[in-house]
Amino acid sequence: MLGLLNKAKLVIVPAVRSISSTSVLRTSAEEAPQVVEKTTPPPSPVADGPALLIPQTFKDFAPLNLKDCRQAWIENIDAVEERKVGLIELHPDVFATQPRVDVIQENIEWQRKYRYVSFANTKNRAEVRGGGRKPWPQKGGGRARHGSIRSPLMKGGGVAHGPRSPTTHFYMLPFLKRVMGLTSTLSVKLAQDDLHIISNVDIPSREPDFIKDLIQERNWGPSVLIVDKNDEFPENICYATDSLGYVNLMPAFSLNCYSMLKHDTLVLTVDAVKHIEDRLLYQLHRTDAMAKGQKFKLDQV
């Protein structure tokens, strides 16, 4: 739906040195923002508490008020028992926006229709069998003038202006509405406590019972969507979720409104959170937004 791209950088408190790396994933080199290395003083350490993860995007796209930032716990995934392993800062422009239910509904309607093709088809008067001769003489019978029994006026005749297959329902939603749909849905999930953040997706067992017990222990809801930055997941979690129809795996660049609303619980890894934040903030602050907002044309594909 939207290329959630570019690897975000990370600063770990109370570490003195920042870890930064850049990569381009499913995007053109023109869209990749220029990365400038910055030297910042080390933040104050957190006394007797979990590590605080602050995404590097806060420096490039800092919010107007730092008090508006959201915080979320990072949960473990190596055991069924829940354990808090850290605290992460979430950018308010992505996870704390004003929920636009109308924009979310437009995104859902767009996703349901843009790949739908209708095969309903009716025959016109030229395709209906029969009707080569005139049904009765033009004059003298006292009846209306007709030239064929396959006219749309006659029973069993062709259909005028009926559906002709295949009919596509494809249309493109405006670019900013697609971006706003993602931010609104993420904000709603976080506000409803349906968004959980885990350290990684490396589970110790490939048995489905491990995932079942973990979901039941943490009250993750009847359906779960697990999102990681990479499109290749570890072997254990693939085997564990293969037979569970209510647990799905998805890479970050495929995140969309329909999938988030279809599942009750959204589980993001730390890498996925940083990746999504970096890409959405870039799309919200890009300089060619006017060109992106122009009418969509098929020759742009």
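The buried residues of helix 6 pack against helix 5 (208-218), strand 8 (224-228) and strand 9 (247-251). Contact here means heavy atoms within 4.5 Å. Helices (H or I, at least four residues) and strands (E, at least two) are DSSP runs, numbered from the N terminus. The model is predicted: local features need pLDDT of at least 70, side-chain atom pairs count only at pLDDT 80 or more, and totals for chains, interfaces and linings use all residues. Residues are numbered from 1 along each chain as its sequence is written, and side-chain values use heavy atoms, with hydrogens and water left out.

Helix 6 spans residues 235-242, and Ile237, Ala240 and Thr241 are buried in it. These residues cover an arc of only 85° around the axis, which puts them on the same side of helix 6. The arc is that of the directions from the helix axis to the C-beta atoms. Buried means under 20% relative accessible area, exposed over 50%, and partly exposed in between (1.4 Å probe, protein chains only).

The protein contains 9 helices and 10 strands. Of its 301 residues, 40% count as buried. Residues 24 or more positions apart account for 74% of the contacts with a separation of 6 or more. The accessible surface comes to about 17,600 Å². Carbon and sulfur atoms hold 52% of that surface. Areas come from the Shrake-Rupley method with a 1.4 Å probe; for residues, only the protein chains shown count as cover.

Helix 3 (residues 101-113) has 13 residues. From first C-alpha to last it reaches 18 Å, close to the 18 Å expected at 1.5 Å a residue. The expected span is 1.5 Å times one less than the number of residues. Val103, Ile104, Asn107, Ile108, Trp110 and Gln111 are buried in helix 3. Seen down the axis, the buried residues fall within an arc of 160°, so they line one face of the helix. An α-helix has 3.6 residues a turn, so residues three or four places apart point the same way. The cover over the buried residues of helix 3 includes helix 4 (175-191) and helix 7 (257-262). Val101 and Arg112 are exposed on the face turned away from the buried side.

Strand 7 (residues 195-198) is covered on both faces. Leu195 and Ile197 are buried on one side, His196 and Ile198 on the other. In a regular strand the side chains alternate between the two faces of the sheet. Strand 7 pairs with strand 3 (residues 70-75) in the parallel sense, over 2 bridges. Two strands pair if DSSP finds at least two bridges between them. Glu75 stands opposite Ile198. Strand 7 also runs parallel to strand 10 (residues 265-269), joined by 4 bridges. There, Val267 is the bridge partner of His196.

Two serines were examined individually. Ser118 lies in strand 5 (residues 117-118). At 15% relative accessibility, Ser118 is buried. Beyond residues up to four places away in sequence, Ser118 touches Ser165, Pro166, Thr167 and His169. The C-alpha atoms of Ser118 and Thr167 are separated by 5.0 Å, although the two are 49 residues apart along the chain. A polar atom of the Ser118 side chain lies 3.5 Å from the backbone nitrogen of Ala120.

Ser148 is found in the loop between strand 5 and strand 6 (167-168). Ser148 is buried, at a relative accessible area of 10%. Neighbours within four places aside, Ser148 contacts Arg125, Gly131, Arg133, Pro135 and Met154. A polar atom of its side chain lies 3.1 Å from the backbone nitrogen of Arg150.

Key:
A polar contact is a pair of N or O atoms within 3.5 Å; within protein, one must be able to donate a hydrogen and the other to accept it, and residues adjacent in sequence count only if both atoms are side-chain atoms.
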